[in-house]
Amino acid sequence: MSTKIKINSQIFQDSNNVYYPKDESEVSDLIRELYKQDSPTEIIGKNSKSFIGNKTQSANTTSLSKISGIIDYRPEELYIKVKACTPINEIEQVLSKNNQELAFEPIDFGYIKEGKSNKGTIAGYLSCNYAGSRRFKVGSVRDHVLGFKGVNGKGDIIKSGGTVVKNVTGYDLSKLIAGSFGTLVALTEITLKVLPKKDSSKTVIIYPSNFQQIYDFFNKLSSSSSEISGAVFVPEQSKDKDFVTKKNSVFKFNDLKSNISFIAFRVEGDKISIEEKINNLKKELKLSNSDISTLDVYQSEPFWKKVNNLEVFEKTEHNLIRMVIPPANGSKLCKHLENNHNYFVDWCGSLFWIEVNSKKEEKIKDLKKMAKDFGGYLTVIKTSSEYDYGEAIFTVDKVRLMISEKVKQSFDPKRILNPGKMYRGV
Amino acid sequence: MSEIALPKIDSSILNRKSEIVKKLSKLTNIENVLSEADELRPYETDALSVYTQTPLAVVLPENTEEVSEILKYCHSENIKVVPRGAGTGLSGGALPLQDAILLGLGKFNKILEIDYENKCVVTQPGVTNLGITHAVQHKGFYYAPDPSSQLACSIGGNVAENSGGVHSLKYGTTTNNILGVQMVMMDGTICRFGGKSFDQEGYDLMGLICGSEGLLGVVTEVTVKILKTPEVVRAALIGFPSIKEGGDAASEIISSGIVPAGMEIMDKALIEATDNFSKAGYPRDAELLLIVELDGTESEVNELIKKVEVISKKNNCSSLKLSNSEKERLSFWAGRKAAFPACGAMAPDYYCMDGSIPRGKLAEALLEIKKLSEKYELPVANCFHAGDGNLHPLIMFDGNDKEQLRKTEEFGSEILKTCVRLGGVITGEHGVGIEKRELMCEMFNDNDIQQQLSIKKSLDEKNLLNPGKVYPILRKCAEEGRVHVHKNKDKFPDLPRF
């Protein structure tokens with residue numbers, strides 16, 4: 001059966017006209033045919049993060065969800081090679097048996113979308129490149145990708161990288177694919193660096209009295225040789241009562257006063273070194289025992305899950321913004337956000353999750369200007385039903401847009417893959 | 001040395017030399033343009049000194065605007081450009097072309113900003129790798145990637161090559177340690193990717209530029225991340241009676257959950273060579289020597305070093321020493337850091353190969369190299385970054401003997417092919433440059449290479465920026481790929497190479 005007949009048959013499509021290629025060569029055949037027909041397609045996996053980004057305007061939808069399964073896992077080599085749409089849960093379970101993990105701490109976007117866990121697939125994670133709380137210490141998703149295989153917009157199967165950490169053979173296309181929202185290749189295979197899980201963790205809570213103090217703490221924490229692996233600030237918030245209730249319930253822990261502003265930082269390692277690091281940090285931050293409270297491992301682990309699941313914004317119907325700025329400008333941003341928006345700060349002062357009321361699109365414009373002025377960027381991760389896309393979801397300047405168009409052209413000259421998902425014309 | 005194919009020389013450019021030099025002299029200070037034979041000689045080669053070419057002219061711009069104007073001019077006049085940092089590259093990536101101007105970034109030698117609050121340093125590309133650490137170490141910070149040439153290599157060159165070092169497993173390579181770059185494209189467009197914040201949004205163009213070997217743009221500013229110096233660093237020096245036992249111990253250290261800051265392996269030939277050369281006090285009865293370095297807080301390091309001790313004993317180590325002072329730790333490294341000159345003292349010439357293999361394949365790789373050594377009747381010594389799988393076999397030979405030279409080339413090529421067969425790659429940290437270009441098809445098929453060339457074409461349509469590098473010209477897997485040092489006359493003999 002020719003590919004042309006196949007793509008018009010039930011072999012590739014379900015009743016909603018979604019194509020489900022079963023392997024790499026079927027993905028290649030399908031895209032090659034769509035290329036011939038000048039017929040763009042949306043690329044999806046398990047649909048857990050497809051709400052992020054612009055809506056693609058394409059006649060077709062291709063689901064890579066059947067390209068799933070672990071190909072090769074070598075715990076002693078610290079890598080795992082998987083088919084692209086292997087669920088994150090499956091990977092984490094396999095790694096966990098060998099006491100290893102994906103160190104970039106995947107965010108579970110299922111909570112903001114539908115109020116329950118839905119981590120989706122590794123291809124989705126790589127395509128978004130959104131790392132969790134440990135990012136400032138271990139790097140992002142892009143820093144953990146050793147290689148990939150995929151199909152470009154002409155239907156050619158291409159690969160880059162390998163399974164080894166040190167590799168400078170040819171352009172590092174793995175980096176380019178990370179965060180490309182499926183606009184360059186349809187991924188079929190991904191090799192990831194994995195790392196040992198830490199024995200244990202503890203989380204220390206501080207209750208700062210003003211914004212300057214928050215950033216003094218963040219600065220001291222990130223300047224310490226007693227390394228931390230997570231640091232968030234959750235403000236008290238007073239105007240939005242529903243949010244306050246939600247926040248207090250999400251962060252309800254025995255040893256945490258969630259009704260006032262707090263900083264939480266995490267220390268990981270073996271039990272002895274955790275105590276040593278906490279003692280060092282208490283001295284460096286000039287904290288006495290009465291200033292702090294400590295979450296033991298049984299509270300610490302769920303605490304960071306709740307942070308990384310964005311549970312305070314569960315099922316939000318407003319616009320949810322992810323803003324990244326250099327931490328030195330963080331206290332200014334906190335002051336601006338105070339009493340204006342619901343938010344919290346992650347990555348030791350660098351990452352802001354901000355909820356903007358559905359009817360205030362112009363506020364997003366202001367925030368974007370602020371992000372740029374501060375030397376950062378923002379992305380509207382989830383849009384409210386009233387969002388009219390007047391303000392672009394992503395932040396990009398003219399020169400980068402021009403280069404992005406050229407790069408897109410080199411992978412996907414007819415704009416077959418996820419056209420417009422990131423920028424118009426890309 | 002065998003001839004290497006280079007892009008066809010455009011004689012019309014050669015004929016226009018005086019006009020081009022005159023124009024360049026208007027785009028920057030006149031003393032920044034070199035065109036006389038004696039002025040050009042120092043620029044004829046990089047650290048792969050076996051290949052030499054005299055450039056049409058050398059231009060040493062002083063700021064980004066000048067770089068932009070020069071590139072814009074070259075773009076409009078179809079003049080090729082070869083960018084160059086400190087010229088310490090080992091793969092010929094900065095080899096000049098006769099009809100190209102060599103664009104040296106040596107005058108970009110200032111650190112522009114040290115920003116402790118944002119934990120970064122904004123620097124010009126000509127600043128040395130170690131220069132960055134020197135600028136911040138008084139406050140207890142450092143820049144993590146530490147290629148062995150860090151004393152002399154420039155940060156711009158590190159970006160072009162995505163340089164690593166012995167600490168790559170724990171701290172990553174250049175790409176994991178930079179936050180932003182300013183770059184000039186071949187048509188003169190000035191662009192900025194990233195900045196002082198983590199992860200740029202959209203296509204990771206900084207990630208693309210890092211390791212692109214000067215083919216996509218000229219980097220004129222780099223923002224690097226700085227880290228707090230670890231509280232304690234300790235090392236273990238462990239001898240093993242067999243390659244297998246030592247290799248197994250290295251694998252077990254990793255699979256037990258330890259991420260060493262550095263982990264190095266030397267084979268018997270290298271243990272003897274370095275011990276003769278530097279009197280490091282290495283266990284000469286060992287078949288394999290393992291150096292493991294651990295860093296962190298005091299109790300963390302002590303705990304980890306105990307685990308390393310247990311694993312080593314379990315794998316029948318024949319000797320084990322733990323460093324109890326900084327002096328002792330450095331003495332463990334002394335021999336290892338002298339590996340290259342030690343080989344240079346044993347034979348008139350040596351070639352340094354640079355492949356990567358999965359850690360667990362070490363015994364297999366060394367066995368294969370031993371067989372090849374017997375086949376070609378050439379001695380070889382091996383060092384291995386066991387943390388990250390980077391293997392550096394050093395083949396010893398006499399370059400005056402044409403037959404030995406030919407055999408060395410074949411031997412080297414077979415080693416790199418072995419690396420690929422074992423699941424590794426043809427270059428871990430030295431780059432493809434000119435020397436491993438034709439071996440690219442060992443790793444990539446036509447589709448893969450075509451995709452990379454499409455990217456090159458999209459950003460440098462006329463193929464003027466560093467042409468003839470990285471991608472095969474001959475389209476045959478020629479017998480190439482090594483660093484050649486004659487009579488220890490390395491271009492930079494004082495630089496440790498490991």
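A residue is called buried if 20 or more other C-beta atoms lie within 10 Å of its own, exposed if 12 or fewer do, and partly exposed in between, with C-beta atoms placed from the backbone. Helices (H or I, at least four residues) and strands (E, at least two) are DSSP runs, numbered from the N terminus. The model is predicted: local features need pLDDT of at least 70, side-chain atom pairs count only at pLDDT 80 or more, and totals for chains, interfaces and linings use all residues. Residues are numbered from 1 along each chain as its sequence is written, while chains are lettered from A and ligands numbered from 1 in the order in which they are written.

- Strand E16 (residues 342-346) of chain A is largely enclosed by the rest of the structure, because five of its five residues are buried.
- Strands pair if DSSP finds at least two bridges between them; E16(A) has five bridges to strand E17 (residues 351-356) of chain A, and the two run antiparallel.
- Asn342(A) has Glu355(A) as its bridge partner in E17(A).
- Four residues lie between the strands of this hairpin, where Trp347(A) takes a positive phi near 55°.

**Domains of chain A**

- Chain A is assigned domain 1 (1-197) and domain 2 (198-389), with bounds from an automatic or database domain assignment.
- The C-alpha centres of domain 1 and domain 2 of chain A are 29 Å apart.
- Two residues are in contact if their C-beta atoms, placed from the backbone, lie within 7 Å; 17 residues of domain 1 of chain A and 24 residues of domain 2 of chain A take part in the contact.
- On the domain 1 side, helix H4 (110-114) and helix H6 (135-138) of chain A are the elements that give two or more residues.

**Glu90 of chain A**

- Glu90(A) sits in helix H3 (residues 88-97) of chain A and counts as partly exposed, because it has 16 C-beta neighbours inside 10 Å.
- Gly69(A) and Glu90(A) are 21 residues apart in sequence and 8.6 Å apart in space, C-alpha to C-alpha.

**Where the chains meet**

- Contacts between the chains involve 73 residues of chain B and 72 residues of chain A.
- On the chain B side, H18(B) gives the most, with nine residues.

**Chain B as a whole**

- Chain B contains 18 helices and 20 strands.
- Its C-alpha trace spans about 70 × 60 × 45 Å along the principal axes.
- Of the 498 residues in chain B, 60% are buried.
- Among contacts in chain B with a separation of 6 or more, 75% join residues 24 or more positions apart.

**Around Leu290 of chain B**

- Apart from neighbours within four places in sequence, Leu290(B) is in contact with residues including Ile238(B), Phe240(B), Ile265(B) and Ala386(B).
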